[in-house]
Amino acid sequence: MKISQMQKLLDAEVVCCEENLEEEVFSACGCDLMSDVLAYVKDQAVLLTGLVNPQVIRTAVMMDMKCIVFVRSKMPTDEMTELARESGIVVMQCDKRLYEACGLLYSNGLS
């Protein structure tokens with residue numbers, strides 16, 4: 001699935017790295033505990049979370065993720081956006097709950 005397709009499915013706003021919207025992603029995870037992401041996530045390209053702090057971006061960088069989606073209308077800070085931009089990670093935000101956002105992506109083919 002292309003990140004641009006995810007954006008449409010979630011009715012999400014792109015915060016940064018719009019130039020990477022045509023990248024393909026094949027898997028995602030939804031989590032608010034970055035320690036769990038580090039411990040249990042393998043080969044996930046997209047992180048969906050409601051946690052808003054710079055550690056989210058740093059975790060995504062360490063895990064080679066391509067996209068972060070902030071749910072529940074959470075908005076990343078300018079510092080977070082700049083960190084993501086430096087790493088080329090697409091950041092989006094949507095008003096859906098984590099469960100709903102993950103379900104939409106899963107039911108449309110993202111594992």
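Thr 59 is buried, at 1% relative accessible area (buried means under 20%, exposed over 50%, partly exposed in between, with a 1.4 Å probe and protein chains only). The model is predicted: local features need pLDDT of at least 70, side-chain atom pairs count only at pLDDT 80 or more, and totals for chains, interfaces and linings use all residues. Residues are numbered from 1 along each chain as its sequence is written, and side-chain values use heavy atoms, with hydrogens and water left out.

**Thr 59 and its surroundings**

- Thr 59 sits in helix α3, which covers residues 54-62. Helices (H or I, at least four residues) and strands (E, at least two) are DSSP runs, numbered from the N terminus.
- Which residues does Thr 59 contact, leaving aside neighbours within four places in sequence? They are Met 34, Val 37 and Leu 38. Contact means heavy atoms within 4.5 Å.

**Salt bridges: the rule and the count**

- Side chains of opposite charge can pair when their charged atoms come close.
- A salt bridge here is a side-chain nitrogen of Lys or Arg within 4 Å of a carboxyl oxygen of Asp or Glu.
- By this rule, the count is 4 salt bridges.

**Glu 22 with Lys 2**

- The side chains of Glu 22 and Lys 2 form a salt bridge, at 3.4 Å from N to O.
- Glu 22 lies in the loop between β1 (13-16) and β2 (28-30), and Lys 2 in the segment before α1 (3-10), so this pair ties together parts 20 residues apart in sequence.
- Glu 22 is partly exposed, at 49% relative accessibility. Lys 2 is partly exposed too, at 33%.

**Lys 66 with Glu 23**

- Another salt bridge joins the side chains of Lys 66 and Glu 23, at 3.6 Å from N to O.
- Why does this pair tie together parts that are 43 residues apart in sequence? Because Lys 66 lies in the loop between α3 and β4 (67-70), while Glu 23 lies in the loop between β1 and β2.
- Lys 66 is partly exposed, with a relative accessible area of 32%. For Glu 23, also partly exposed, the value is 29%.

**Arg 85 with Glu 82**

- Arg 85 and Glu 82 meet through their side chains in a salt bridge, at 3.6 Å from N to O.
- Both residues belong to helix α4 (residues 78-87). They are 3 residues apart, so about one helical turn separates them.
- Arg 85 counts as partly exposed, at 41% relative accessibility. Glu 82 is partly exposed, at 36%.
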